[in-house]
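Please look over the sequence and the model below before reading on. The paragraphs that follow are meant to be read with both in view.

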Amino acid sequence: MQGTLPQDGSIQPNTEKPTRLPTHQVVYQRLREAVLFGELAPGEPVTIQGLIERTGAGMTPIREAIRRLTSEGALEFRGNRRVLVPMPTPEAIEELIFLRETLEPQLAARAAEKATKADIATLDRIDSALDEAITRGDVVAYLRQNHAFHMKLNEMADAPILADVAGSVWLRFGPAMRVVCGRMGTQNLPDNHKTTIQALREADSKTAAEAIRLDVVQGMEQLLQALKDAEGFIEAID
């Protein structure tokens with residue numbers, strides 16, 4: 001299966017004055033999202049020329065994006081101008097579980113101490129969109145809204161170093177999660193978000209941290225089990 005990248009390169013400015021990101025940054029963001037949300041499947045080879053054709057970008061920004069994503073562990077360069085999304089191993093997922101279980105509850109606890117009504121309203125909207133995606137069985141929308149929920153929560157913690165590390169971890173399991181969710185569907189996916197939101201309303205750091213810990217562990221354990229069932233995982237990709 002050949003991966004696809006978004007064609008629309010427009011950037012909406014965040015200020016009154018129009019802003020324009022450098023081409024290399026736009027290409028990086030496009031390719032990062034393609035990896036994060038499984039548009040490029042684990043083990044799927046992609047040529048640099050193919051990425052150039054899809055993005056309309058030149059060789060230099062494509063190579064820069066690949067370099068950055070390779071350093072983040074999201075891509076592997078295989079020579080002959082080919083790159084691929086690495087196939088995660090059960091051992092790698094166990095490490096990622098440890099990282100997420102360590103970082104994200106800490107971020108949730110900090111977020112509970114700092115959350116504003118506007119922050120909580122934003123999380124509510126994201127969680128409602130996530131519920132709708134689950135009801136529709138829309139795997140892509142589920143993955144995007146679930147990611148948005150966790151990234152917003154991390155941002156609220158006002159701990160940029162921890163949040164940056166936590167965000168980078170998602171690049172290493174996102175593609176595999178797309179495959180697993182596509183195979184299993186969305187109806188039985190764990191969701192401790194409502195408990196988290198209520199804890200934020202009550203400024204209850206302990207409950208928020210535990211809700212996110214459960215959310216992380218349950219979701220990642222599903223992924224780990226799918227990877228251990230190697231035959232089923234390969235069939236899902238094929």
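This is a predicted model: local features need pLDDT of at least 70, side-chain atom pairs count only at pLDDT 80 or more; totals for chains, interfaces and linings use all residues.

Residues are numbered from 1 along each chain as its sequence is written, and side-chain values use heavy atoms, with hydrogens and water left out.

The secondary structure of the chain consists of ten helices and three strands, where helices (H or I, at least four residues) and strands (E, at least two) are DSSP runs numbered from the N terminus. Followed along the sequence, these elements give the pattern α-β-α-α-β-β-α-α-α-α-α-α-α. The chain has 238 residues, of which 47% count as buried; buried means under 20% relative accessible area, exposed over 50%, and partly exposed in between, with a 1.4 Å probe and protein chains only. Of the contacts (heavy atoms within 4.5 Å) between residues at least 6 apart in sequence, 78% join residues at least 24 apart.

The three strands form an open sheet in the order 1-3-2, with antiparallel pairing; two strands pair if DSSP finds at least two bridges between them. Strand 1 (45-47) and strand 2 stand at the edges with a single partner strand each, so one side of each has no neighbour in the sheet. From one strand to the next the twist averages 35 degrees. Strand 1 is paired with strand 3 over three bridges in the antiparallel sense, and V83 in strand 3 is the bridge partner of V46. Strand 2 (residues 76-79) and strand 3 (residues 82-84) also run antiparallel and are joined by three bridges, with G79 standing opposite R82 in strand 3. These two strands form a hairpin with two residues between them, and N80 in the turn has a positive phi of about 55 degrees. Helix 2 (residues 48-55) lies across strand 1, strand 2 and strand 3 and runs at about 70 degrees to strand 1; axes here are lines fitted to C-alpha atoms, for helices over the stretch in contact, and angles run from 0 to 180 degrees between N-to-C directions.

Among the helices, the axes of helix 5 (residues 117-136) and helix 6 (residues 139-156) come within 8 Å and cross at roughly 160 degrees. The two are therefore roughly antiparallel to each other, given that angles under 35 degrees count as roughly parallel, over 145 as roughly antiparallel, 65 to 115 as roughly perpendicular and the rest as oblique. Residues making this contact include L123, I126 and L130 of helix 5 and Y142, F149 and L153 of helix 6. Helix 6 also packs with helix 8 (residues 193-201), at an angle of about 25 degrees and with the axes 12 Å apart, which makes helix 6 roughly parallel to helix 8. Here the contact is made by N146, F149, H150, L153 and M156 of helix 6 and by H193, T196, I197 and L200 of helix 8.

Finally, E104 is found in helix 4 (residues 90-114). Is this residue, E104, buried or exposed? E104 is buried, because its relative accessible area is 2%. The side chains of E104 and R100 are joined by a polar contact of 2.6 Å, a polar contact being a pair of N or O atoms within 3.5 Å; within protein, one must be able to donate a hydrogen and the other to accept it, and residues adjacent in sequence count only if both atoms are side-chain atoms. Leaving aside neighbours within four places in sequence, E104 is in contact with H150, A166, W170, I212 and V216.
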